[in-house]
Amino acid sequence: SPGPVHAVSTFAQQSLQQLFTTLHTWLRSIIPHFSSKVVDSEAQPLDLNTDVSSDNEYTITILDIPTSNLEAPSIKWLFETSTDPEVFLAAASLVPQVEWPLDLDVSDMLHQLCDIFTSCVGFHGQIVPSLEEKASTCIMAISHLYCGRVLQAHPGRGEFLGRGKRDYNMFMKVTEMDICTVNETVLAPAMQLCSPEDDGEEFSWYSFWLDECPDSVLEWLSHSLPYLFVTGRVNQDLEEFAVELISKLLSSPSTPSTQLIANCTLLACVMIGVQVDKKDIVRIDKSSALPRFTDALVTQFQTVFWECDGGELDKDNTGVTRRAWKLLDVICLVLEPAKLYYYPSSHIMRNLDVCKKIYSRARSSEQNHFGELWNALQNALRFTLTAVQISRDPAQVWNYWYFWTSDSHSPEDFDWLVDYLDFIDSDEHEAAYDILLLLYVMKVRCSPAKQNLFIKNLIVCMDSDMPHNLRHIALRLAHSAREEIASIDTIDDELRDIILTGLSPAILTAVCPQPGATLANDDPDHSFNYGRDLCYLELIFVLSSNSHWHPHLFEDHHIDRCINMIEVYRPYARSYASHHFYLAGIFLRIAPEQLSVTSLDSITEQQWWSMMTRAWSAPSFFSDASYFEFLPVLVEGTKRYMQIAVEHDLEELIRYVDIILKRRVSEQGEGEGIVVAVKELRTIASDMLEKL
């Protein structure tokens with residue numbers, strides 16, 4: 001049911017002063033019937049309906065409007081003019097949801113709220129049970145306004161409660177009344193802001209508070225904690241509490257709101273010394289400023305990050321370096337949902353250099369520091385990915401066609417990543433995934449000294465017991481090195497043996513870890529997966545270009561896998577033309593040498609022809625000269641099976657052959673024999689079409 005808050009919000013949005021008198025009347029009439037729960041709501045047209053019920057009680061329906069439409073002066077006016085305690089309480093419940101300008105004097109409101117809270121305390125110095133909700137509302141309003149009052153006076157200090165005592169002592173007296181954990185948590189920002197600097201004691205923040213507070217209080221904390229960092233009223237307890245708060249808010253199973261992301265982003269900004277306007281701090285809905293916050297956060301965090309490797313964190317007396325180190329635990333939680341709002345970093349190598357320093361410290365550190373450094377390394381590597389907006393979403397693995405390269409860096413510069421991959425435990429799947437993802441997007445080629453070690457670890461990552469995201473990124477790396485892997489007759493015996501006996505069967509395992517298993521359609525290991533299968537088929541297509549690979553492709557069941565894929569992709573014509581092209585290419589390359597192997601005998605004449613016709617529409621011809629060179633083989637395969645072609649097939653074949661000739665002849669100065677072969681196929685197809 002609508003509460004008095006909704007009545008306040010309906011009338012307070014009106015700028016005309018004469019409505020405020022009416023507001024008192026309405027509030028007074030509805031308070032006996034409704035609770036004072038405060039909620040944010042979507043905008044609705046102003047619509048007051050009064051219905052007379054059967055027992056002659058008035059039922060008032062006041063549709064919700066957003067509390068963002070309220071103005072602080074309206075709430076302040078209610079505090080100053082209302083003599084009705086219930087109206088006062090309803091207005092107090094709105095205080096945390098309204099933006100309070102720093103030039104608005106709230107001193108009297110603080111005094112009034114303290115008086116109302118005091119009225120909730122009984123003879124024994126404890127809150128009267130029946131008045132607990134009222135006391136809680138006052139505590140929230142006091143803490144919220146107090147934060148703004150301190151920010152208003154900053155860099156000065158003062159006592160703002162006007163009780164003739166230190167504000168801190170007054171707040172301490174409140175906490176001694178056995179207020180609940182939620183109230184104690186709400187009061188904590190105000191107490192931290194006024195904690196004495198001369199008694200040597202630090203205010204304590206407890207992580208268990210986060211588990212006992214409702215989401216609404218946690219979100220309010222994300223708004224209020226920046227007041228403490230901006231004013232410099234911070235201790236290490238609070239730093240750790242702020243990190244845990246961000247983690248709890250952004251690790252929730254539900255998608256965080258843009259406003260909540262903005263709150264956490266601003267909190268992270270002020271923790272590491274980003275200079276922000278006071279107006280940004282007091283603004284309730286910071287969503288519109290999120291692009292500005294995220295850009296500032298990435299820039300400042302990297303600047304601090306480059307000076308930090310986990311050693312001597314306290315040498316920076318501002319605490320910024322220490323906080324940045326702590327924020328490594330959550331920085332990606334903040335940035336990943338805001339990736340649309342900041343520009344990708346151009347400093348991937350500088351970030352990687354810091355990761356390398358942390359790795360070196362971890363390997364040389366004593367056991368009591370190893371765990372912390374190892375965890376920091378994983379987070380630092382993940383930040384490096386996030387800063388350049390590389391998604392860790394496994395579904396995006398097949399969409400990366402771009403790379404970061406730098407001529408100023410040699411393969412040896414990345415040897416430490418291969419060592420890192422080899423050093424981690426086999427169950428550290430997420431760390432292994434990040435390493436492989438970085439190596440892939442940067443198109444790293446291993447130095448000769450690390451090739452064997454890298455391939456061995458790639459094989460481990462493709463094991464059937466590994467999660468699909470790790471197997472798939474390992475397959476992606478094998479695919480990116482397909483030309484080198486295909487050239488097994490030019491590499492040393494040890495590496496060739498590792499590739500043929502280990503990597504070849506592992507490639508199939510990466511694609512199909514459970515042969516024969518029935519899987520759900522959305523399972524990443526389902527028999528039909530466009531991106532995965534395209535990656536796999538192109539890899540096998542390139543391997544099949546070397547006849548030394550042919551017996552291994554049969555023995556390790558790659559050819560069987562490809563034959564099974566014919567029917568999987570047969571219903572899909574032009575949109576899956578690349579799949580058909582690679583299948584046709586694989587079979588045509590190995591067919592002349594299959595000797596006693598009869599696997600290809602299971603492919604029907606119609607299946608052969610279907611692959612041939614669809615292969616000609618593949619876009620591969622337009623991007624890679626090596627595929628253009630394969631055209632003579634495709635020409636011969638097409639001629640071999642085109643006797644069963646129907647009119648439509650021939651028309652389509654001629655159309656795509658013409659496109660290929662037009663584009664490739666203009667781009668290729670050589671390959672005259674290839675062009676002649678393709679033109680000959682066109683002539684044969686045209687002659688057949690005329691006869692039909």
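**Salt bridges**

The structure holds 23 salt bridges. The model is predicted. Side chains of opposite charge can pair when their charged atoms come close. A few of these pairs make up the first part of the tour.

**Stop 1: a pair with a buried partner**

Select Arg283 and Asp280. Their side chains meet in a salt bridge, with 2.8 Å from N to O. Is Asp280 buried or exposed? Asp280 has a relative accessible area of 4%, so it counts as buried, the limit being under 20%. Arg283 is partly exposed, at 22% relative accessibility.

**Stop 2**

Next, select Arg445 and Glu484. They form a salt bridge in which the closest N and O atoms are 2.8 Å apart. Where in the chain do Arg445 and Glu484 lie? Arg445 is in the loop between helix H20 (429-441) and helix H21 (451-461), while Glu484 belongs to helix H23 (residues 482-486). The two are 39 residues apart, and the pair links distant parts of the chain. Arg445 is partly exposed at 26% relative accessibility, and Glu484 is partly exposed too, with a relative accessible area of 39%.

**Stop 3**

Now select helix H24 (residues 493-511), which contains both Arg496 and Asp493. These residues are three apart, about one turn of the helix. Their side chains meet in a salt bridge of 2.3 Å, N to O. Asp493 has a relative accessible area of 57%, which means it is exposed, the limit being over 50%. Arg496 is partly exposed, at 22%.

**Stop 4: a network**

Select Glu239, Glu240, Arg322, Arg323 and Lys326 together. A network of salt bridges links these residues.

**Stop 5: the nonpolar core**

In soluble globular proteins, nonpolar side chains tend to be buried together. The largest nonpolar core here has 230 residues. Which residues have the most contacts inside it? Select Trp100, Tyr420, Leu436, Phe454, Tyr536, Phe587 and Trp616 to see them. Then select helix H6 (residues 132-153), which gives the most to this core, with 11 residues.

**Stop 6: around Leu436**

Leaving aside neighbours within four places in sequence, Leu436 is in contact with Leu421, Phe454, Leu458, Cys461, Leu470, Ile473, Ala474 and Leu477. One of these, Phe454, was also in the selection at the previous stop.

Definitions and conventions
Residues numbered from 1 in each chain as written. Predicted model: local features only at pLDDT ≥ 70, side-chain atom pairs only at ≥ 80, totals over all residues. Heavy atoms only, no water. Salt bridge = Lys/Arg side-chain N within 4 Å of Asp/Glu carboxyl O. Buried < 20%, exposed > 50% of the residue type's maximum accessible area, 1.4 Å probe, protein only. Helix = DSSP H or I, 4+ residues; strand = E, 2+ residues; numbered from the N terminus. Core = buried A, V, L, I, M, F, W, Y, C linked by side-chain atoms within 4.5 Å. Contact = heavy atoms within 4.5 Å.
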